[in-house]
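Thanks, everyone, for making the time. I would like to walk through a few local features of one model, going residue by residue, and I will give the cut-offs as we reach each term.

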Amino acid sequence: MSAQTVLGEALVAALKAHAGVARVVTAVFDAPPVRAARPYAEVAEALLTDWSTKDMAGREGRITIVLRDAGERPVRLRVLAGEVDAAVEALPRDLGEGWRIASLVPVRSRIVREGEGLWAGTNEYRVRMLRMQ
């Protein structure tokens, strides 16, 4: 499996397993949903580049978790963004298929209005991974 696939599956599983996320969202998606009830979370496709060493394959990149909610104010979304941070920080370092996270650092988060009563939040992280085989 590719680093991208292994990482994406691990993120979806971590968000679904984290009580603070799972009790609030209607679903966690690995791609933009065609139809979904808010609030929901989406693990966006990671942007990965080569980060290899002489003897190990490696990837460095950005991962983004997108949160969508509805309401007059983004109060619930702010709390949910914090829960997503906790879920991502708790991600196991061994992802499977030999891939291991070397570092995972929050880069930025943002909440924006999408329309009348609609909100989107993004949590972005820098990840560095090595294949240990």
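Let me start with Thr-64, which touches Glu-42, Val-43, Ala-44, Thr-122, Asn-123 and Glu-124, leaving aside residues up to four places away in sequence, where contact means heavy atoms within 4.5 Å. Before going on, please keep in mind that this is a predicted model, in which local features need pLDDT of at least 70 and side-chain atom pairs count only at pLDDT 80 or more, while totals for chains, interfaces and linings use all residues. Residues are numbered from 1 along each chain as its sequence is written, and side-chain values use heavy atoms, with hydrogens and water left out.

Thr-64 sits in strand β4 (residues 58–70), strands being DSSP runs of E with at least two residues and helices runs of H or I with at least four, numbered from the N terminus. With a relative accessible area of 19%, Thr-64 is buried; buried means under 20%, exposed over 50%, and partly exposed in between, with a 1.4 Å probe and protein chains only.

One of the residues that Thr-64 touches, Glu-124, brings us to the salt bridges, of which a search of the whole structure finds 8, each defined as a side-chain nitrogen of Lys or Arg within 4 Å of a carboxyl oxygen of Asp or Glu. The side chains of Glu-124 and Arg-108 form such a bridge at 3.1 Å, N to O. Because Arg-108 lies in strand β6 and Glu-124 in strand β7 (residues 118–131), this pair ties together parts 16 residues apart in sequence. Which partner is buried and which is exposed? Arg-108 counts as exposed at 56% relative accessibility, whereas Glu-124 is buried at 13%. Salt bridges with shared partners also join Arg-38, Arg-68 and Glu-114 into one network.

Finally, the search of the whole structure finds 1 aromatic pair. The ring centres of Phe-29 and Tyr-40 are 5.5 Å apart and their planes stand at 85°, so the pair is edge-to-face; rings of Phe, Tyr and Trp (its six-membered ring) pair if their centres lie within 6.5 Å, with planes under 30 degrees apart counted as stacked, over 60 as edge-to-face and the rest as tilted. Tyr-40 is buried at 8% relative accessibility, while Phe-29 is partly exposed at 23%.
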